[in-house]
Amino acid sequence: MIRFVILTGLFVVSGMAVSCGGPEEAADRLYGSDEFTVYADSIVQGAVCVKAVSPVRMIATGPHMASDTLSVDIDSVPAGMPRYESEQCLVDFLYNKAAAEILNDTAAADDYAIYMSEALLVPERSSRTLMSKIIREHGDAYIRHCADWPVSDDRMSWAAAMWELYKVTGDASALPEAVHAIENSLNENKLVMWDDTYKLMHGEQLHSGYAVADYPEWMDAKDRYESMCLGTNVMFAEAFKVRDSMITRLPDYNVMPMWVGLDKEIADAVNNNLWIPNLGFYSRYLYGGVYPIQSQAVDNFGQALAIIFGIANREMARSIVSKTPWGAYGVPAVYPFMHGDSKEGEAWPVVQACWTMAAAKAGNMAAVERGMASLFRAYAMSDIAESMDTTGDTVIGLSDGGGACAGIAAIVLKVVMGMELESDGIVFAPVVPEAFGGRKRLYGMKYRGMELSVTVSGSGSRIKSFSINGEVRDRHFLPADMKGKVNVEIIMDKQAGDYGVVTEEAAARMPATPAIEWGSDHIGRITNFTEGIAYNITINGDFIDQVNTGYVRFVPQDRYAVVDVVPVMTETWCGFSARPYEYIPEGALTVVEMKTPKKNGSPDFEVEVSEAGDYFMDVGYRVKKVLHGCALYMIYIDGAEAGGLVMPLSADSGDGVSVNSNMLRVKLKAGKNRFSLRHIRERHGHAYDGYVIECVRLIKQ
């Protein structure tokens, strides 16, 4: 249990007066800036200071607090949890606090918390949590997804968490059902979310299970579904890889996966479509329909995952960590901030923790130091936030408290102690800032058949000496088949290799999304034109021109076209495109009006076209008396599967107004083509009774 005690003046420990003063009284400095400084035992932010006076007690002083001094106390170090001791009292306290919160948390942990550290710390509970997310129906098993599927879906993070848990326990008993659930869920998503042109999955970006408002206002649920996001695709690639890895641990498992090699195909597509060469990091997503463009901004959760799971190669990882801008209080979830966003100081704990793990993997000590400092500051200051008269943007909002404590534990386990779990053991690669030198010991950890103790001495990112039970080993690896008490001793050589750099930029916001009124002459007037902002014009995804006036001119050609107008703030940062302008040349559009559909809502019809070739297809639909849900149809042309149609409830469709589904690329032959719309098996609350398909549009490419 963690207690908060209001004190007055100095706090006395073992007869000694302890002051939470300033830099001159603190230990070695980890990181310092104009906003805050982190030392080995304390954190100073303006006139406020928090100081760990023991591994179970932290005091805070400052003029803006409700009382002179606040004490945060841990009643006891959680029994049964691995213990951590070092020469840095701040880290000892934060680890103990995180361990206590993890142990006492009755809410189900999310997949990322389990992946980061809870699989190691509370494996039995993690197993129960993960298995509770499997749904079983009609003899099949699936991973439960969010209510907004397929507009958004983060369920494939389950695969990474489950594989991490297996690497901890070595218990293969749950793997057959896990493989079955992953395979079914991947196949379900592949059916509905796969884009065969870009080799990426569709779906809105999620951050640790939460949707982030990082889309332009004109985008509705269908538009967000059509986006192809970095983090979403990294997790899909990892899920395909995990499925294959699990199968290798099941020699009697004789089911051939439906999709083989798709992890590499998605990884290559991420690097081909989302990497921004001139900036040296990833775009957060492609958006805008059948001719998507890059959002020239960053999603740092997705970038961290791309490094951790090996989508980004070594050179790309180093570029990402060194060139991505930092905010004053940590690496932001997204950057630049959206126009009008007031939360520029917020740092999400899972993003911060994963970014620090990624920085360690990339070998950037400067970013590791800053990442650790930012997370430590936020986690420590969050306890006193309600007692301080400060602006909310300087203290982390712990709506994701479980992620924060799991992240703190991950920094100790996977960065400082350097534990990288494999299916057959643990690879050790500590990354220890100089301020956190000295002796650090983790002990009492249950791992497979061992009671494991790990000692890391010194600092740096290179191992000078590695031994197991006193035997020096050249390979920094602990085999999983050892038994009993096992002691790993690591001595660092203090060298950080290439120390690395980070990019610091003042908080930047996107320019306003252009609002454009298009005339019949194909000239658009930018109604919110801003002097000093340039506007890039792209047609069908290709850059055409840049204008500095309030008017955009489009010269029609004899083909279907989508025009995007993107505001450019600087040479580096762009805003969101205006709502794409769609041009359909005369004779290119065929509209098939639907008769009243059958009760099952699955119409069949024929369309005759004069010219064979590639077409775009979508359906117009409206919704009656449906409060939530998303209709999902598979389209078949002459009996061949042609793609999935997604018809989510939106603000407009909910009023009975006709709106369009996502758009598909289809191939038609000259003459008659037989179409069948078959709704995908009803599951997970997706309703069809209130959906009415009114027409089908076919547009010649």
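Modeller: Let's start with β25 and strand β26 (residues 425-428), which pair in the antiparallel sense over 4 bridges. Two strands are said to pair if DSSP finds at least two bridges between them. Strands are DSSP runs of E with at least two residues, helices are runs of H or I with at least four, and both are numbered from the N terminus. Before we go on, please keep in mind that this is a predicted model, where local features need pLDDT of at least 70 and side-chain atom pairs count only at pLDDT 80 or more, while totals for chains, interfaces and linings use all residues. Residues are numbered from 1 along each chain as its sequence is written, and side-chain values use heavy atoms, leaving out hydrogens and water.

Back to our pair: E420 has V427 in β26 as its bridge partner. The whole sheet is open and has 3 strands, in the order β25-β26-β31, with antiparallel pairing. β25 (419-422) and β31 (477-479) are at the edges with a single partner strand each, so one side of each has no neighbour in the sheet. On average, neighbouring strands here are turned by 20° against each other, direction ignored. Such angles use axes that are lines fitted to C-alpha atoms, for helices over the stretch in contact, and run from 0 to 180 degrees between N-to-C directions. In a regular strand, side chains alternate between the two faces of the sheet.

Now for the core. L478 is one of the residues that touch the most other members of the largest nonpolar core, which has 176 residues; Y282, F376 and V488 are the others named. A nonpolar core is a set of buried Ala, Val, Leu, Ile, Met, Phe, Trp, Tyr and Cys residues joined through side-chain atoms within 4.5 Å. Buried means under 20% relative accessible area, exposed over 50%, and partly exposed in between, using a 1.4 Å probe and protein chains only. Helix α13 (residues 401-416) gives this core its largest share, 11 residues. A second, separate core has 26 residues, among them L645 and Y691.

Finally, a word on cysteines. C405 counts as buried because its relative accessibility is 3%, and C89, at 18%, counts as buried too. A disulfide is counted when two cysteine sulfur atoms lie within 2.5 Å, and by this rule there are 0 disulfides.
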